[in-house]
Amino acid sequence: MSLPPRLSRLSSSSLPKTPPLQTLLKRGFTPTLKSINQLLLFLSHSRRFNAVIHLFSQLDSNKINPNSQTHSILICSLLKLHKFEEAEHLVSTQMSKCPDFPKTRFWDSLIQGFGVIRNNPEKGLLLLKDCLSDSGTLPSSFTFCSLIHGFVSQGNMDRAIEVLELMTGDNVRYPFDNFVCSSVIVGFCKIGKPEVAVRFFENCMNSGALKPNVVTYTALLSSFNLLGKFDEGCELVYSMKKEGLALDAILYSCWILGYFRNGCLMEALRKYREMVERGINPDTVSYTVLIDGFSKEGSVGKVVGFLKKMLKDGVMPNVITYTAIMLGFCKEGKFEKAFRLFKEVQDMGIEVDEFMYATLIDGACRKGDLHDTALYQLR
DNA sequence: CTAGGGTTAG
């Protein structure tokens, strides 16, 4: 089997000529630890982390004792390969022996690895506590943030607050930044406590350390929406404009949603135009908010208009967008149109969900011909 | 340096 010319040239000229260490070892060489570490470093820098691990595993049987640098390189490779359990074991066994370890960086990677990549913030928190009890190691604020965010996305606010308290503790004293603040606000909204979210925001402001950005303000605006505090939401946006903060598509969607919930359709439309005039491109959610708002009022003309517009702009509708459109058709008594769209959505390969079925069933019931319509085909 | 924020029924 011969390689095509281009590949054979590559393999003969651009790969290192030295035989791999494994081969050297087999031939009876006994390289110094220094040269081993250099090779491990080289492998690690060229991102051949599996090779690092493999080479390390051969050291013992060749009576070569690794030092702390060897272990450092190995731990880095394990972390890169997301082998967190093995990395954790090494960190905890080698830590006390090697005072020159980049301890904090290892802890950061381990806590974030378990908390975010493994989606196991509980384990991350255990490690965080271990780390804090080992004086002299203070994980980065990002590590605290990602744990908070991990707990928030699980809806576990008790734990999120626990991390928050560690963050403000005497030996840490990290300020609450926008990342933390927005995550916590969203968390409280998620568990149905928007009033607590607003209070948390106010506390952050009173502490004086927070300069809210558009993300934090959007989370706050969404809390106001949940609380039905439409006027406060508007005031918030006005003060943002006065501050000179750049509003974006997400902020506008949230604001427009508030107008719809407050029954101000024309004002919602005006804000949409304002957004476009400012050069902010509406995305799928922006359009979905508009479509849903007009569908609920039975303004199917507007709904279809927005659908065409978004398709023209290359913004793809999702299952929520289509459900909102079907709702509009059903409200107008055009169940057949809704059902035709339903089939099209399925043909597009979009996964339909219970919301879509519920919307269609409701639409069919509204028409009253539950027994002889396409409803039977819904199965 | 960035992350983090917004949409659906009965």
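Visitor: Is Glu332 buried or exposed, or something in between?

Guide: In this predicted model, Glu332 counts as partly exposed because its relative accessibility is 38%, where buried means under 20% relative accessible area, exposed over 50% and partly exposed in between, with a 1.4 Å probe and protein chains only. Lys334 is also partly exposed, with a relative accessible area of 34%, and the side chains of Glu332 and Lys334 meet in a salt bridge at 3.3 Å, N to O. A salt bridge here is a side-chain nitrogen of Lys or Arg within 4 Å of a carboxyl oxygen of Asp or Glu.

Visitor: And which residues are joined into one network by salt bridges that share partners?

Guide: That network consists of Lys241, Glu267, Arg270, Lys271, Glu274 and Arg278. A search of the whole structure finds 16 salt bridges.

Visitor: What does Glu162 pair with?

Guide: Glu162 forms a salt bridge with Arg159, and their closest N and O atoms are 2.8 Å apart. Both residues belong to helix 10 (residues 157-168), 3 residues apart, which is about one turn of the helix; helices are DSSP runs of H or I with at least four residues, and strands are runs of E with at least two, numbered from the N terminus. Glu162 is partly exposed at 22% relative accessibility, and Arg159 is partly exposed at 29%.

Visitor: Before we go on, how should I read the numbering and the confidence limits?

Guide: Residues are numbered from 1 along each chain as its sequence is written, while chains are lettered from A and ligands numbered from 1 in the order in which they are written. Because this is a predicted model, local features need pLDDT of at least 70 and side-chain atom pairs count only at pLDDT 80 or more, whereas totals for chains, interfaces and linings use all residues, and side-chain values use heavy atoms, with hydrogens and water left out.

Visitor: Switching to aromatics, how are Phe230 and Tyr259 arranged?

Guide: The structure holds 17 aromatic pairs, meaning rings of Phe, Tyr and Trp (its six-membered ring) with centres within 6.5 Å, where planes under 30 degrees apart count as stacked, over 60 as edge-to-face and the rest as tilted. The ring centres of Phe230 and Tyr259 are 4.9 Å apart with planes at 75°, so this pair is edge-to-face. Phe230 lies in helix 14 and Tyr259 in helix 15, so the pair ties together parts that are 29 residues apart in sequence. Both Phe230 and Tyr259 are buried.
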